[in-house]
Amino acid sequence: FRYTRNLVDNGNGKFNLMILCWGEGHGSSIHDHTDSHCFMKILQGNLKETLFEWPEKKGNGEMTRKSERVLRENQCAYINDSIGLHRVENISHTETAVSLHLYSPPFNTCNTFDQRTGHKHKVTMTFYSQFGERTVCVSTRRGAPR
Amino acid sequence: LPAGLSQWFPALEVLDVSGTGLTEMGTELLSLPCLHTLLAKNNRLGGPGSLPKELGQAPLARSLRVLNLSGNRFSEVPPALLQLRGLRSLSLGGNRLHGIPPDIQELHSLEFLYLGGNFITAIPPELAKLPSLRYLVLCDNKIQSIPPQLAQLHSLRSLSLHNNLLTYLPREILNLVHLEELSLRGNPLVVRFVRDLTYNPPSLQELAGRTVKTRNVPYTPSDLPESLVRYLSLASNCPNPKCGGVYFDSCVRQIKFVDFCGKYRLPLMHYLCSPECSSPYSSASQSSTSQSESDSEDEASVAAHRMQKVLLG
């Protein structure tokens, strides 16, 4: 019971276009974007985006929040690793949210960060569905925030 | 709700009156025999007459499966709601609840319970008596501790606890075998090893009781006053599997950290019979961090197997 990533188009290997469906209270972890461009558009509901600074090399303290905003329906956002890291959440307890994401070049691994310590952890991202077909998850390792 | 609803639509199965400004849903509901889904989110429900009192006797009590009352003004779970025996999914997200009634255990078919975004400060242990509960959402509340009994929720697959006031978790949480998702971000979880939190030295009665129990000193009810016989029957076993000790009232609360997949360290609360009681892994080393890590090794590997997606975030 967490948000789902649904691949719509893989643009001949040049980009990934996917739709994310967020239930009430669902949020991602803090993550980077593996040197890719990341565009996001809200199709339904609202999503809160919190930007974080990259942690210090051997950081061992709470991560620094840069800014936060609530993105409304039809609003767009952009991020890449030089801008920083972010967490995206549906903070509503009554409404679901849907967002459209474009990543170029496509990537299937990223780093997630523990807000309390700045420690990072590489994760592989999985799809709930691809081109309308449910993707059965084979791996039993921890899956992906985004 | 309009009068005569059940006369016009006797076969009604799904009713969505969300966002209509309703302040109460009255007796019109009681005669809808086929209703299985009722969505009434984002209204002005919460006052005394919000749900009809006779709900328990209506056909609705057996037929209703899904009830969504999120985004209303409930300051307590309406007692009438607890009579909905067939309910599988309940959402009271974004209301003004300060607590969860112990009678929540009456909803014994409940699989999905969403209580995020309220002002809940504590969780009653009776919540653990829901045998089919698979998804429990308690995020964005004011919860300070989780009762260890919650580990009895054997069907639990997803537990959302983010944005609360938790400093530690009960170690029994590791017993949730089917738990796949756990969110804990936004809690003031203790990050450093904390030595014995509080320890009241045991009374003479406690010390004597411990000796009677651990050395199996024989006694019969005629040997002792009834109050002492009762006292001796309340001995708790020290949860440390390597220690055969017992305790009555005086126990040590100690926080130990458990690693998940070598990545996240969760502070878990252990109860031990005395400050000297610890697993044989800990040596005479005075280093607090090494003690916590070595003691946690065995638990960590077990936990890593069971918990697949820990979303500390």
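Here are some friendly notes on this predicted model, taken point by point.

1. **Ground rules.** Residues are numbered from 1 along each chain as its sequence is written, chains are lettered from A and ligands numbered from 1 in the order in which they are written, and side-chain values use heavy atoms, with hydrogens and water left out. Since the model is predicted, local features need pLDDT of at least 70 and side-chain atom pairs count only at pLDDT 80 or more, while totals for chains, interfaces and linings use all residues.

2. **Chain B overall.** Chain B holds 5 helices and 14 strands; helices (H or I, at least four residues) and strands (E, at least two) are DSSP runs, numbered from the N terminus. Of its 313 residues, 47% are buried, where buried means under 20% relative accessible area, exposed over 50%, and partly exposed in between (1.4 Å probe, protein chains only). The accessible surface is about 14,600 Å², with 52% of it belonging to carbon and sulfur atoms; areas come from the Shrake-Rupley method with a 1.4 Å probe, and for residues only the protein chains shown count as cover. Among contacts in chain B (heavy atoms within 4.5 Å) between residues at least 6 apart in sequence, 45% join residues at least 24 apart.

3. **The sheet in chain A.** An open sheet of 7 strands runs in the order β7-β4-β9-β2-β1-β12-β13, with mixed pairing. Its edge strands are β7 (76–79) and β13 (133–134), each of which pairs on one side only. Two strands pair if DSSP finds at least two bridges between them; β1(A) and β2(A) do so in the antiparallel sense, over 5 bridges. If you want a spot to look at, R5(A) has L20(A) of β2(A) as its bridge partner.

4. **Backbone features worth a look.** Most residues other than glycine have a negative phi, and most peptide bonds are trans. A cis peptide bond joins S104(A) and P105(A), with omega about -10°, and P105(A) sits in the loop between β9 (97–104) and β10 (109–113) of chain A. N12(A) has a positive phi near 55°; this residue is in the loop between β1 (4–9) and β2 (16–22) of chain A and is exposed, at 78% relative accessible area. In chain B, N42(B) also has a positive phi, about 55°. The loop between β2 and α2 (60–63) of chain B is where N42(B) lies, and N42(B) is partly exposed at 32%.

5. **Cysteines.** How many disulfides are there over all chains? The count is 0, a disulfide being a pair of cysteine sulfur atoms within 2.5 Å. For C38(A), the nearest cysteine sulfur is that of C110(A), 10 Å away. Both residues are tucked in by the accessibility rule: C38(A) is buried at 2% and C110(A) is buried at 3%.

6. **Salt bridges.** The whole structure has 9 salt bridges over all chains, each a side-chain nitrogen of Lys or Arg within 4 Å of a carboxyl oxygen of Asp or Glu. E49(A) and R69(A) meet at 2.9 Å, N to O; E49(A) lies in strand β5 (residues 47–52) and R69(A) in strand β6 (residues 65–71), so the pair ties together parts that are 20 residues apart in sequence. E49(A) is buried at 2%, whereas R69(A) is partly exposed at 38%. Also in chain A, K48(A), R65(A) and E68(A) are linked in a network of salt bridges.

7. **Two salt bridges in chain B.** E106(B) and R85(B) have their closest N and O atoms 3.7 Å apart, and this pair links distant parts of the chain, 21 residues apart. R210(B) and E206(B) come to 3.0 Å; being 4 residues apart in helix α3 (residues 204–214), they are separated by about one helical turn. R210(B) is buried at 12%, and E206(B) is buried at 1%.

8. **A buried charge to check.** E28(B), in the loop between β1 (14–16) and β2 (37–39) of chain B, is buried yet has no salt bridge. The nearest side chain of opposite charge, K53(B), is 13 Å away; Lys and Arg count as positive and Asp and Glu as negative, while His and the chain ends are not counted. Leaving aside neighbours within four places in sequence, E28(B) is in contact with L1(B), P2(B), A3(B), L5(B) and S6(B).
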